[in-house]
Amino acid sequence: MQFPKLVVGIVVDQMRWDYLYRYDDLYGNDGFKRLLNEGFSCENTFINYIPSYTAVGHSTIFTGSVPAIHGIVGNDWIDQATGKQLVLYTGR
């Protein structure tokens, strides 16, 4: 089995999946068109988890798991070992 050397994941928050096809005449051949033709696209997917925070959603998409398994449950949290607040995503 041959594995890819690099995997690139693109997440566009709050963009409807059908926009990729609705506006495809505006794309160049080496941009979104290439990704759609040669890559993998997972459209109109529903992943049943709550809460719906950015860090949680991206972790779920890229691990294929849910927060109870991958452990990312918010955009920030307190590190139990150090007591310091960790911020994964600031929303800026």
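Let's start with I78 and its neighbours: I78 touches G83, K84 and Q85, leaving aside residues up to four places away in sequence, and a contact here means heavy atoms within 4.5 Å. I78 sits in strand β1, residues 76-78. Strands are DSSP runs of E with at least two residues, helices are runs of H or I with at least four, and both are numbered from the N terminus.

Before I go on, a word on what we're looking at. This is a predicted model, where local features need pLDDT of at least 70 and side-chain atom pairs count only at pLDDT 80 or more, while totals for chains, interfaces and linings use all residues. Residues are numbered from 1 along each chain as its sequence is written, and side-chain values use heavy atoms, with hydrogens and water left out.

Okay, the whole chain. We have four helices and two strands in the protein chain, and from the N terminus on they run α-α-α-α-β-β. The radius of gyration is 17 Å, well over the 12 Å that the globule rule gives for 92 residues, so the protein chain is more spread out than a compact globule. That radius is taken over C-alpha atoms, and the rule is 2.2 Å times the number of residues to the power 0.38. Along the principal axes, the C-alpha atoms fill a box of roughly 50 × 35 × 25 Å. How much of the protein chain is buried? Of the 92 residues, 17% count as buried. And if you take contacts with a separation of 6 or more, residues 24 or more positions apart account for 20% of them.

Now helix α3, residues 54-63. The buried residues there are T54, A55, V56, G57, S59 and T60. What do they pack against? The buried residues of α3 pack against α4, which is 67-70. Just after α3 comes G64, with a positive phi of about 75°. Then there's S65, in the loop between α3 and α4. S65 counts as buried, at 18% relative accessibility. Leaving out residues up to four places away in sequence, S65 touches T60 and H70.

Over to helix α1, residues 19-22, where you'll find L20. L20 is buried, with a relative accessible area of 15%. Which residues does L20 touch, not counting those up to four places away in sequence? They are M15, Y27, F32, L36 and S41. Take S41: L20 and S41 are 21 residues apart in sequence, and their C-alpha atoms are 9.9 Å apart in space.

Last stop, the aromatics. Rings of Phe, Tyr and Trp (its six-membered ring) pair if their centres lie within 6.5 Å; planes under 30 degrees apart count as stacked, over 60 as edge-to-face and the rest as tilted. By this rule we get two aromatic pairs. One of them is Y19 with Y23, which is edge-to-face at 5.6 Å centre to centre and 70° between the planes. Y19 is partly exposed at 27% relative accessible area, and Y23 is partly exposed too, at 36%.

Key: Buried means under 20% relative accessible area, exposed over 50%, partly exposed in between (1.4 Å probe, protein chains only).
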